[in-house]
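Please open the model in your viewer and keep the selection panel at hand.

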Amino acid sequence: MIFLGALFALLGLGFAVASWRALRHGRVLAFTRRTLTALLFAALGALCFGLLAATQGYRALTREEIACEVSVEPRGKQTFTARFAFPDGRRQTHELAGDQLYVDAHILKWKPWVNLLGLHTAYDLDRVAGRYISLDDERARPRTVAALGAPRPVDLFNLRRQHDWLSLLVDAEYGSATFIDVQSPAVFEVRVSTTGLLVRSKPAPSSR
């Protein structure tokens with residue numbers, strides 16, 4: 001799409017120069033024909049770049065990113081170990097109580113026009129916890145919660161709260177959470193998108 005847009009733009013420029021030369025020599029018919037051709041190529045080039053920008057924006061708004069990979073292993077009744085591996089190389093291990101793995105995060109969604117500039121939904125994993133299926137267990141059984149976020153030199157979420165002008169760039173700021181049953185050893189991917197967090201089982205490697 002970039003190649004076509006650039007090609008049409010160059011052709012349009014070439015015909016614009018040719019039409020100017022025709023006008024200087026008093027060739028009205030040639031000037032008209034070349035001017036119309038230049039406008040046609042200019043319109044085609046603009047259409048290509050417009051479609052490219054629109055497609056880039058659409059991809060940005062539906063992009064998913066792996067926030068971390070977590071391996072879970074049951075240790076007993078309503079207890080399990082969760083081992084986290086983050087894209088930056090950090091690793092954490094937590095002993096949790098519950099029937100389900102729970103992860104939450106802060107989500108910062110940019111304005112659509114900012115997505116076109118290449119900035120995607122920002123997120124910061126906040127905490128992990130064990131979650132019970134039964135409300136009675138949730139009230140009575142031990143609660144286990146641990147921090148997931150890494151120290152950051154600049155806290156974007158606090159900046160958004162402190163400076164109102166950032167609302168020109170930020171569409172929404174909210175919390176998002178996801179959870180999944182832990183019944184047997186498994187590996188999950190915690191992903192973040194513009195709609196929030198989601199968790200998926202990691203596909204087993206194919207054997208040939």
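A charge is taken to sit over a ring if NZ of Lys or CZ of Arg is within 6 Å of the ring centre and within 35 degrees of the ring normal. The model is a predicted one. With that criterion in mind, select Arg90 and Phe86: the charged end of Arg90 sits over the ring of Phe86, 4.0 Å from its centre. Next, select Arg131 and Phe179, where Arg131 lies over the ring face at 3.9 Å from the centre.

Now turn to the aromatic pairs, of which the structure holds three. Select Phe8 and Phe41: the ring centres are 6.0 Å apart and the planes stand at 25°, so this pair is stacked. Phe8 belongs to helix α1 (residues 2–24) and Phe41 to helix α2 (residues 28–62), so the pair ties together parts that are 33 residues apart in sequence. Phe8 counts as buried at 17% relative accessibility, and Phe41 counts as buried at 17% as well. For the pair Phe84 and Phe86, the centres are 6.1 Å apart and the planes at 15°, so it is also stacked.

Proceed to the largest nonpolar core, which has 25 residues; Val70, Ala82, Phe84, Leu101, Val103, Leu125 and Val128 have the most contacts inside it. Colour the elements that give two or more residues to this core, including β1 (65–76), β5 (122–131) and β9 (196–201). Apart from this core lies another, of five residues, among them Leu108, Trp110, Val114 and Val170.

Finally, centre on Leu125. Beyond its neighbours within four places in sequence, Leu125 is in contact with residues including Ala67, Phe86, Val103, Leu148 and Leu197.

Terms used:
Residues numbered from 1 in each chain as written. Predicted model: local features only at pLDDT ≥ 70, side-chain atom pairs only at ≥ 80, totals over all residues. Heavy atoms only, no water. Core = buried A, V, L, I, M, F, W, Y, C linked by side-chain atoms within 4.5 Å. Buried < 20%, exposed > 50% of the residue type's maximum accessible area, 1.4 Å probe, protein only. Helix = DSSP H or I, 4+ residues; strand = E, 2+ residues; numbered from the N terminus. Contact = heavy atoms within 4.5 Å. Phe/Tyr/Trp six-rings, centres within 6.5 Å; stacked < 30°, edge-to-face > 60°.
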